[in-house]
Amino acid sequence: MKRTIFLAAGALAAVGFALLPFFVFFRAELAYDLYFNQKIFYYHVPAAFMMFLSVFICGFASAKFLISRQPRWDDVAAAAGDLVVLFGALVLTSGPIWGKAAWGQYWVWDARLTTSLLLWMIFVAYALLRRFGGPGSERLAAGLALFGTADVPLVYFAVNFWKTQHPTNRVVPNLVGEMRTTFLIGAGAYLCFFLILLAARIALGRSERRLAEVEDLAVEIGRLE
Amino acid sequence: MYHHRRMGFVRAAALVAAKDLRVELRTREVVYTMTFFAALLMVLFSFAFSQGGQVLPEAAGGILWAAVAFSGTLGLARAFEREREGDTMRGLLLSPADRGAIFLGKAAGLCVYMLIVEAVAVPLVAILFGAPVLERPLELAALLILATIGFAVVGSVFAAMLLRTRSRETLLPVILYPIVLPALIAGVKGTAALWQGSRALPQAHFWLLFLLVFDAIFLAVALWAFESLVVE
């Protein structure tokens, strides 16, 4: 059953990503001011959605892990933490490409951009900690994720005091016609892709943990040096 | 069941802080090093931000806060390294005192170290960069104290957790700065607003309030999480 869902989500993501360029270039209307440059939107915005989704999942799973101390929640947190870095990298590379066309600059120290960058950096720190923290760093990583998630609204308010020139949240709900269809295909493909990555990464984490457990056991009973 | 008299929360925290301060008073190692490092950083930054022998006035606040943050990390690492060298962290955690109180005591000790450094650093920015530190002394002190509390609280949690980790020297700043960055932003922006004269005062008050919220949130998260985060 799990396998079927996994394969179905994978197939959906593949179809979605194959269809997306066709819709982006031939079906979606040209934006009135940016023309062709606006089209990166269909890749940028879903990636940002997935980034925030995985921040939320990572924070939630970390809190669950600290309360229940069940390693399966740690696997979920580790997987989601990695995905924040991945989708954040997509957001932070596609954004400046658009920014160069729209604002004439790759990067501006704007509220929305700074928030995303700081949030991404918290989770890069999280990934570094998981790689190089050594044994016993799960708890520490969970603490960092918890503090990081608590940081999200603060970072948001701290930099929102500055003026923003980033397009607002009202862009997505107000999409019309083929633009809306194209966006939904993109968001759907990204979501399916996100889910299979998350599931695969959780399974990988679990296998690694079990392997370590079995190795410890083997050393204990003298079958492994 | 044993019924030992539980030490009061505040008393336990005060004892831990007093212990740290007594150790420091005997050696003066951390505060001297931190203060010199802060002064050193200011000189380094003056090269980065000077133009024709003059440092840009907007840069002074940023230099002050960078010096505070960097020297704070130095003190933080050292204060916890002492516990590791003497293997005294285990003793502290095994004592009947509440773990939250131990954590608060360590954070309070660090706060005092940092405030001493700031008491030297603020006159230095005035002398070296001509910053108008006497313009709004109370608000500036409030900004520094609130940001220092936030820094010490978050820092103490991570330093305590990192004690048993292999690469703690490199990991501490890497995980600490992204988390305390909102407090540092508030400090820099608030100081800049203070030094702009009275028309920017509402902004400075906004940042003071922001720091208060930052401290409250992270104090709550730290007290809630410290128990389960630090296990020996």
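Me: What makes Arg82(B) count as buried in this predicted model?

Reply: The relative accessibility of Arg82(B) is 17%, and buried means under 20%, so Arg82(B) counts as buried.

Me: How do you know that Glu29(B) and Arg82(B) meet in a salt bridge?

Reply: The N to O distance between the side chains of Glu29(B) and Arg82(B) is 3.2 Å, and the rule asks for a side-chain nitrogen of Lys or Arg within 4 Å of a carboxyl oxygen of Asp or Glu, so the pair qualifies.

Me: Why is Glu29(B) called partly exposed?

Reply: Its relative accessible area is 31%, and partly exposed covers the values between under 20% for buried and over 50% for exposed, so Glu29(B) is partly exposed.

Me: What makes Glu83(B) and Lys106(B) a salt bridge?

Reply: Their side chains meet at 2.7 Å, N to O, and the cut-off is within 4 Å, so the pair counts as a salt bridge. Glu83(B) lies in helix 3 of chain B and Lys106(B) in helix 5 (residues 99-129) of chain B, so parts that are 23 residues apart in sequence are tied together. Both Glu83(B) and Lys106(B) are buried.

Me: Which residues are joined into one network by salt bridges that share partners?

Reply: The network consists of Glu24(B), Glu29(B), Arg78(B), Arg82(B) and Glu85(B).

Me: How do you know that Arg131(A) and Asp82(A) meet in a salt bridge?

Reply: The distance from N to O is 3.5 Å, and the limit is within 4 Å, so the pair of Arg131(A) and Asp82(A) meets the rule. Arg131(A) belongs to helix 4 (residues 111-132) of chain A and Asp82(A) to helix 3 (residues 71-102) of chain A, so the parts tied together are 49 residues apart in sequence. Asp82(A) has a relative accessibility of 18%, and buried means under 20%, so Asp82(A) counts as buried.

Me: Where do chain B and chain A touch, and what area is buried between them?

Reply: The area buried between chain B and chain A is about 2600 Å², of which carbon and sulfur atoms give 82%. On the side of chain B that touches chain A, the elements that give two or more residues are helix 6 (137-162), helix 7 (168-194) and helix 8 (201-229) of chain B, and helix 8 gives the most, with 14 residues. Across this interface the rule finds 0 salt bridges.

Technical notes
Residues are numbered from 1 along each chain as its sequence is written. Chains are lettered from A and ligands numbered from 1 in the order in which they are written. This is a predicted model: local features need pLDDT of at least 70, side-chain atom pairs count only at pLDDT 80 or more; totals for chains, interfaces and linings use all residues. Side-chain values use heavy atoms; hydrogens and water are left out. Buried area is the accessible area (1.4 Å probe) that two parts lose on being put together, summed over both. Helices (H or I, at least four residues) and strands (E, at least two) are DSSP runs, numbered from the N terminus. Buried means under 20% relative accessible area, exposed over 50%, partly exposed in between (1.4 Å probe, protein chains only).
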